Amino acid sequence: MNAPTTLQELMPAAEQGRELQHESAHLHVTGEARFTDDLPELQGTLYAAIIKSPIAHGELIGDGVDRTAILATHGVVAVFTAKDIPGENNCGPIIHDDPFLAAGKVEFVGQAVAVVVARNMLYAREAAAKAKVLFKELTPILSIDDAMAHQSFVMPPKGITRGEPHDAIAKAPHKLKGRTETGQQEQFYMEGQITYAVPREDGQLTLYVSTQHPDGNQREAAAALNLSTNDVEVICRRMGGGFGGKEGNASIFSQSAALAAFKLQRPVKLRVGRDDDMIITGKRHDFRIDYEVGFDNDGRILGLDVMLASRCGYSTDYSGPVNDRAVLHIDNCYYLPNLHIISHRCKTNTQSATAFRGFGGPQGMFGVETVIEQIANKLGKDPLDVRKVNLYQDPAASGNPETMTTQYGQLIEDFVADKLIGQLETESDYRARRASVNAFNAANKNRKRGLALVPLKFGISFTATMLNQGGALLVIFMDGSVSVNHGGTEMGQGLNTKMAQVAADGLGIPVSLVRVTATDSQKVPNASATSASSGADINGAAINNACDQMRVRLAAVAARMLGCEAGAIEFVAGYARAKSQNGHSGSQVAWKDLVKQAWMDRVGLSVTGFYMTPEIKYDFQTLQGKAFYYYCYGAAVTEVEIDTRTGEWWLKAVDILHDVGRSINPALDKGQIEGAYIQGMGWLTMEECKWDAKGKLLTHGPSTYKIPVAGDVPEHFKVALFDNQNMRRTPNRSKATGEPPLMLALSSYFAIRDAVSASADHKTLVFMQAPATPERILLACEEAKRAATS
């Protein structure tokens, strides 16, 4: 779809900006890439499985399990409960309210109660399935509405008030009230949760974990076993996907395996099947969004009052920052002069909702985009025109100094959404396609088409300021080859490929000389999770810092070899060159020879790099300040067709224009954009978590939980990169591409909504929850037709 098209794109002028293939692509396609389960097992390896709670809420009786009966099961070696944990029983990443093995009570169906260890993985799983959990059942709270009624929350509400929203709504020419909902979403990574725990000498442990946060797994395992952090090493070469689901949730399994290995002094592997993985781990937060809006004849929002309520599950997990980010992204690209927003974080007897690509931002944006669409329907306008009239504006043009300042008080300094929307509107031929869609709908009774152009603005930085730091280790060997280690984790997104390109340009050498090694908590300590779309920014900057230091060392060596000043040395294309007086390259020395001489001169050939994101000043209590280092922008045009008799729908065409700054690797960025759109489309249109009345997840495998597949991608799927560069000093002036493109898929939902509206000739408002499954589309069409004729 977006392969390199010209020779110029492949020219090796510099490593950054080249469309290099993923560093593990050849290993992936040949089956040689080693994931955690592919590592050779040591002699004496045992296997673990999780004994799960069968109820949503209850008190455990005794240990919660019958140890004697479990130990009598064929092949079983040991069973461990919370009472066997020598240290802290916690896998909560922020607030320590989440035991990795239930202690005294269970709070959701699937909660880990005990770990059973056996000689064979099949034996362990059979024993876990047969084990009886001993409990006294209590009444659970399962839904957002139930939690709101019982005032059940994992933490206090937060909110923002700007201007005089209630007065502005009261005085507005037009008003609307409504409610919408977004669903949960399973991360559905290809490689499930897994840890291989190996005891070492003197009480030490090495954990091979499929994880986005090795530092978190290291600290939590050490705390659980009463060890020092330096006694535990966590290694992750690669993951088969993460999407946030392996940021905090990986600790449930890494600590369980670590406990068993530490107690038995034998290697222990814990690999959960897909069903257990989905039953035990958290999903994307689902939201209830209530709104009241006042607006003028042009659709300009004059006042907006929003209530957000999310299902957080039984513990806090990442619900604080996820819900904060939803509040911070309720504006999307729009200036909201008078706003009141309150965010409720509901405690329910379900899995703790956790991180998922976008981290609350998509839910907040969904809310305001729903409001935009309702306004357009009410006024009979094209939603794009309502979006454009509400965009942030340069104060010089608006005459109002606030029109480029967010509701949390941050001045937007890099706003390009207006230009990007204008370019996509032209290049996608939006107006002509709108006319074509209208003509199709006029000519067809049962088939209707919809079209939507939806923009995005997504802030980049951890909202927890202390996490905005990264480290790197750079090592040069005597043959000139280079090893780089950094705190980020490779989960298929191509981070290590980009980091190799950054290091190569930092040293002025071909990328073929650089190898990025497995993430290791003993090489780069105290690393932040690879999340918040920060991986390339903070780790690439740390690598640049290491390269800067190394160039200073090597420049002195090259200067002695070439008989010039160190300041005259430049590193280009595998050579250290002395600039001549006229600015042209003079004498030079090959990289390999320079490195060998540096070793001979006893110059250190290893260095650590560090980076901290500057300028961040944000108060997470008041939700005010400079929360983000910069913003990413994008927009997508989506065209769909629905059958109003069945609710079936087809994705006809997608056009995307996305801002990645000056790309380090355009091929990888385009791949991230494509994948993010499809994943977001899945969340909004087909992926649905279904529960029974007792809190049991019914959709816990691919037979019952539908994710998009290749056949769902239309032939017309165009991705273009917006011509821009980051105004901030990021590697290559690039921008993050991990999370922002997921919000492009909002256009898929709103295109379907547009088609539903067309089924009633756009004569009424449309109320349709997400995901827009065929059932919901059918019911929305029927309701819209009924409302239009009543």
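## Basis of the description

Helices (H or I, at least four residues) and strands (E, at least two) are DSSP runs, numbered from the N terminus. The model is a predicted one, in which local features need pLDDT of at least 70 and side-chain atom pairs count only at pLDDT 80 or more, while totals for chains, interfaces and linings use all residues. Residues are numbered from 1 along each chain as its sequence is written, and side-chain values use heavy atoms, with hydrogens and water left out.

## Helix α7

Helix α7 covers residues 250-264 and is followed by glutamine 265, whose phi is positive, near 55°. The expected span of a helix is 1.5 Å times one less than its number of residues. For the 15 residues of α7 this gives 21 Å, and the end C-alpha atoms are 21 Å apart, which agrees.

Burial is judged by relative accessible area: buried means under 20%, exposed over 50%, and partly exposed in between (1.4 Å probe, protein chains only). By this criterion α7 is mostly covered, with 12 of its 15 residues buried. Among them are Ile252, Phe253 and Leu259.

## Helices α15 and α16

Helix α16 (residues 535-562) has 28 residues and should span 40 Å; its end C-alpha atoms are 38 Å apart, which agrees. Just after α16, glycine 563 takes a positive phi of about 70°.

The axes of α16 and helix α15 (residues 495-507) come within 9 Å and cross at roughly 25°. Axes are lines fitted to C-alpha atoms, for helices over the stretch in contact, and angles run from 0 to 180 degrees between N-to-C directions. Angles under 35 degrees count as roughly parallel, over 145 as roughly antiparallel, 65 to 115 as roughly perpendicular and the rest as oblique. The helices α15 and α16 are therefore roughly parallel to each other.

## Strands and their pairing

Strands of a sheet pair through backbone hydrogen bonds, either parallel or antiparallel. Here two strands pair if DSSP finds at least two bridges between them. An open sheet of 4 strands has the order β16-β27-β28-β29, with mixed pairing. Strands β16 (447-460) and β29 (716-721) stand at the edges, each with a single partner strand, so one side of each is left without a neighbour in the sheet. The twist averages 15° from one strand to the next. Within this sheet, β28 (residues 649-658) runs parallel to β29 and is joined to it by 6 bridges; leucine 657 has alanine 720 in β29 as its bridge partner.

Elsewhere, strand β10 (residues 205-209) is joined to β11 by 4 bridges, and the two run parallel. Threonine 206 has glutamate 233 in β11 as its bridge partner. Both faces of β11 are covered: Val232, Val234 and Cys236 on one side and Glu233 and Ile235 on the other are all buried. Strand β2 (residues 58-65) pairs in the antiparallel sense with β4 (residues 105-106) over 2 bridges, and glutamate 59 stands opposite lysine 105 in β4. Strand β2 is also joined to β6 (residues 133-137) by 4 bridges, and these strands run antiparallel; glycine 58 stands opposite glutamate 137 in β6.

## Salt bridges

Side chains of opposite charge can pair when their charged atoms come close. A salt bridge is a side-chain nitrogen of Lys or Arg within 4 Å of a carboxyl oxygen of Asp or Glu, and the structure holds 52 of them. In one, lysine 52 and aspartate 276 have their closest N and O atoms 3.0 Å apart. This pair links distant parts of the chain, since lysine 52 is in strand β1 (residues 46-52) and aspartate 276 is in helix α8 (residues 274-280), 224 residues apart. Lysine 52 counts as partly exposed at 25% relative accessibility, and aspartate 276 counts as partly exposed at 23%.

Glutamate 191 and lysine 246 meet in a salt bridge (3.3 Å, N to O). Glutamate 191 lies in the loop between β8 (174-182) and β9 (194-199) and lysine 246 in the loop between β11 (232-236) and α7, so the pair ties together parts that are 55 residues apart in sequence. Glutamate 191 counts as buried at 12% relative accessibility, and lysine 246 is buried with a relative accessible area of 0%.

Aspartate 754 and arginine 434 form a salt bridge with their closest N and O atoms 2.9 Å apart. Aspartate 754 lies in helix α19 (residues 746-758) and arginine 434 in helix α14 (residues 430-443), so the pair ties together parts that are 320 residues apart in sequence. Both aspartate 754 and arginine 434 are buried. They belong to a network of salt bridges that also links Asp382, Asp385, Lys388, Glu425 and Arg431.
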